[in-house]
Amino acid sequence: MTSPGLPAFPDAALTWLVPRPLGQARALVLGRSGAPVIEQLAGSGAALVACDASRGGLRALVHRAPGALPTVARPERLPFAAHAFDAVFVHQSLQHLQADAVLPELARVLTPGGRLALSWMIRDDSVPWVRRLAALLQDVDPEAMTGNYGTDSVAALADVPWFPTVERRNHRLWVPIARVDLMQMVAHRFPDLPADRLAQLMREVGELYESSARPPEPLLLPYQVACWRAEVNHSALPNDSITPPDDGLAIRL
């Protein structure tokens with residue numbers, strides 16, 4: 001089910017993910033899905049690098065953070081010196097990366113004590129009215145609202161030596177949603193449903209909204225920003241991969 005516009009990425013999550021004050025941090029945001037993260041970082045004073053494998057993806061990042069240094073590169077071959085960043089952010093996309101090739105590269109570009117910062121925006125289906133909505137939609141399609149977000153990909157960190165300690169913290173978000181917007185979301189989810197069945201479903205969803213909301217306040221969709229942070233362990237990397245060349249060009253971020 002398509003979600004409404006989400007609020008800003010929480011400052012508390014950024015503070016927890018980065019190993020030093022945000023205004024002093026050097027951060028790499030990897031992939032276009034990190035746009036909400038880089039937008040929030042842009043106001044923190046952090047030195048930012050935006051990186052995506054495509055120009056279109058890079059434009060999506062720089063649009064949110066015009067002051068970020070733009071870089072087109074594949075995540076398994078990053079054009080940065082060793083120890084370049086205090087934090088590397090991967091938001092909503094670790095599940096799409098080839099972990100065995102990407103994770104050692106992310107470890108290489110992190111400074112000693114630096115962190116890999118992973119996050120996903122996850123709907124919280126434990127709230128009673130959301131559980132009732134899920135039951136209605138799953139009566140039509142058992143796969144509706146099943147919540148396969150990709151967070152299982154964090155398990156890949158257990159198979160590599162570069163990130164031995166992984167910590168998790170969730171941050172709650174509430175997103176107001178009006179009755180008309182919820183109805184539109186449901187209709188968008190089932191574009192090919194026969195008209196009579198769609199009408200029945202829409203009636204049931206409308207009744208659910210009216211019985212759960214407290215006018216004039218809208219219902220609140222519950223979300224969590226699920227965050228994992230993992231401090232780098234450089235001792236498991238080859239020495240030549242983490243030693244910057246003596247005659248290299250140093251670029252201050």
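This is a short tour of the structure, stop by stop, with what to select and what you will find there.

Before you start clicking, note that this is a predicted model, where local features need pLDDT of at least 70, side-chain atom pairs count only at pLDDT 80 or more, and totals for chains, interfaces and linings use all residues. Residues are numbered from 1 along each chain as its sequence is written, and side-chain values use heavy atoms, with hydrogens and water left out.

**Stop 1: the helix pair**

Helices here are DSSP runs of H or I with at least four residues, strands are runs of E with at least two, and both are numbered from the N terminus.

Now show the side chains. On the α6 side, the contact (heavy atoms within 4.5 Å) uses R179, L182, M183, V186 and A187. On the α7 side, look for L198, L201, M202, V205, G206, Y209 and E210. Sorted by class, that gives nine nonpolar, one polar and two charged residues. For this count, Ala, Val, Leu, Ile, Met, Phe, Trp, Tyr, Cys and Pro are nonpolar, Asp, Glu, Lys and Arg are charged, and the others, Gly among them, are polar.

**Stop 2: the cores**

Next, pick L41, F89 and W129. Of the 53 residues in the largest nonpolar core, these three touch the most other members. A nonpolar core is a set of buried Ala, Val, Leu, Ile, Met, Phe, Trp, Tyr and Cys residues joined through side-chain atoms within 4.5 Å. Buried means under 20% relative accessible area, exposed means over 50%, and partly exposed is in between, using a 1.4 Å probe and protein chains only.

Zoom in on W129: setting aside residues up to four places away in sequence, W129 touches I177, L182, L208, S212, L219, L220 and L221. There is also a second, separate core of 32 residues, and its members include L110, L118, W162 and L237.

**Stop 3: A87 and its neighbours**

Go to strand β4 and select A87. A87 is buried, at a relative accessible area of 0%. Its contacts beyond four places in sequence are V18, P19, R26, A27, L28, L110 and R115. Draw a C-alpha to C-alpha line from A87 to L110: these residues are 23 apart in sequence and 6.6 Å apart in space.

**Stop 4: a buried glutamate**

Move to helix α4 (residues 99-109) and click on E105. E105 has a relative accessible area of 13%, so it counts as buried. Leaving out neighbours within four places in sequence, E105 is in contact with P75, E76, R77 and L78.

**Stop 5**

Most residues other than glycine have a negative phi, and most peptide bonds are trans. Here are some exceptions to look up.

- H83 sits in the loop between β3 (69-72) and β4 (85-91). Its phi is near 65°, and H83 is partly exposed at 27% relative accessibility.
- M145 is in the loop between α5 (128-140) and β6 (165-177). Phi of M145 is near 55°, and this residue is buried at 7%.
- The peptide bond from P215 to P216 is cis, with omega near 5°.
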